[in-house]
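Please open the structure in your viewer and keep the selection tool at hand. The stops below are meant to be followed in order.

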Amino acid sequence: MSGVRRIHGRTVEGVPRWAVIAAYAASLVVLPSGIWRIALGFGAPIGPFTGDIDDMRGDVPGWMPMWGYTILLSVLSEALAFLAVGLVSQWGEVFPRWVPLLRGRRVPTLAAVIPAGVGATVLILGTLTMSLTFDEFTAPDGSTVHLEGWRLGLFVASYGPLLLWGPLLAAATVAYYLRRTRARTRTPLPQT
């Protein structure tokens with residue numbers, strides 16, 4: 001438990017249990033797609049193309065190996081998703097020691113709420129839009145390829161949870177905003 005606390009920080013007192021679940025779930029729903037993407041980058045025959053891995057490079061720069069790109073993209077996605085945990089943790093209330101110039105200062109409520117709210121909105125709209133053509137891939141020759149059979153099932157199981165990322169982040173963001181603004185109104189003003 002102390003290892004988890006060191007990585008995630010302490011949960012702030014007064015955070016509703018549903019908000020804690022939403023924040024942690026928001027960071028975990030990204031994991032299956034990252035694992036699928038990394039496996040594909042290492043050449044696992046789970047995607048729409050089962051030939052040469054270089055056939056599916058798309059816009060990946062030629063100097064970057066496909067496995068490196070998929071690892072980088074997956075780690076970046078997971079790191080962004082992990083920020084939802086800050087909405088229920090101490091490090092989302094007070095800047096941690098390792099943040100230069102800001103360490104120990106209170107995190108302004110809107111400095112967390114605005115990016116999280118924009119992120120949740122973009123995720124909700126983006127995943128809903130992409131879900132309309134979720135199984136369509138563009139082949140190297142420009143034609144459209146669809147996943148089928150077990151590959152489609154594995155893809156849906158891996159990418160389906162991403163539909164929850166935006167709503168979970170939105171729920172954690174609303175809880176954060178309400179908790180921080182209510183705490184501010186309950187704080188007595190200094191008497192003059």
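The tour goes from the whole chain to its helices and then to its cores.

**Before selecting anything**

This is a predicted model, in which local features need pLDDT of at least 70 and side-chain atom pairs count only at pLDDT 80 or more, while totals for chains, interfaces and linings use all residues. Residues are numbered from 1 along each chain as its sequence is written, and side-chain values use heavy atoms, with hydrogens and water left out.

**The whole chain**

Show the protein as a cartoon, and 7 helices and 2 strands can be picked out; these are DSSP runs numbered from the N terminus, helices being H or I with at least four residues and strands E with at least two. From the N terminus on, the order of the elements is α-α-α-α-α-β-β-α-α.

Next, colour by pLDDT, the predictor's confidence in each residue on a scale from 0 to 100. The mean for the protein is 85, with 84% of the residues at 70 or more. Confidence is lowest in helix α1 (residues 2-8), where the mean is 54, and highest in helix α2 (residues 17-28), where the mean is 96. Where pLDDT is low, the predicted coordinates should not be read in detail.

**Helices α3 and α4**

Select residues 31-41, which form helix α3, together with residues 66-82, which form helix α4: their axes are 8 Å apart and the packing angle is about 170 degrees. Such axes are lines fitted to C-alpha atoms, for helices over the stretch in contact, and the angles run from 0 to 180 degrees between N-to-C directions. α3 and α4 are therefore roughly antiparallel to each other, a label used for angles over 145 degrees, whereas angles under 35 count as roughly parallel, 65 to 115 as roughly perpendicular and the rest as oblique. On the α3 side the contact (heavy atoms within 4.5 Å) involves L31, G34, R37, I38 and G41, and among the α4 residues are W67, I71 and S77.

Now centre on S77, a residue of helix α4. With a relative accessible area of 13%, S77 is buried, where buried means under 20%, exposed over 50% and partly exposed in between, for a 1.4 Å probe and protein chains only. Leaving aside neighbours within four places in sequence, S77 is in contact with V30, R37 and W165.

**Helices α3 and α6**

P32, S33, W36 and R37 of α3 meet L154, F155, A157, S158 and Y159 of α6.

Which residues does W36 touch, not counting those up to four places away in sequence? They are I46, G47, L154, F155, S158 and Y159. W36 counts as buried, at 6% relative accessibility, and its C-alpha atom is separated by 6.4 Å from that of S158, 122 residues apart along the chain.

**The two cores**

Finally, select V15, V30, L87, V88, W165, L169 and Y176, which touch the most other members of the 26-residue largest nonpolar core; a nonpolar core is a set of buried Ala, Val, Leu, Ile, Met, Phe, Trp, Tyr and Cys residues joined through side-chain atoms within 4.5 Å. α2, α5 (109-131) and α7 (162-186) each supply at least two residues of this core, and the largest share, 7 residues, comes from α7. A second, separate core of 5 residues includes W36, L40, I46 and L147.
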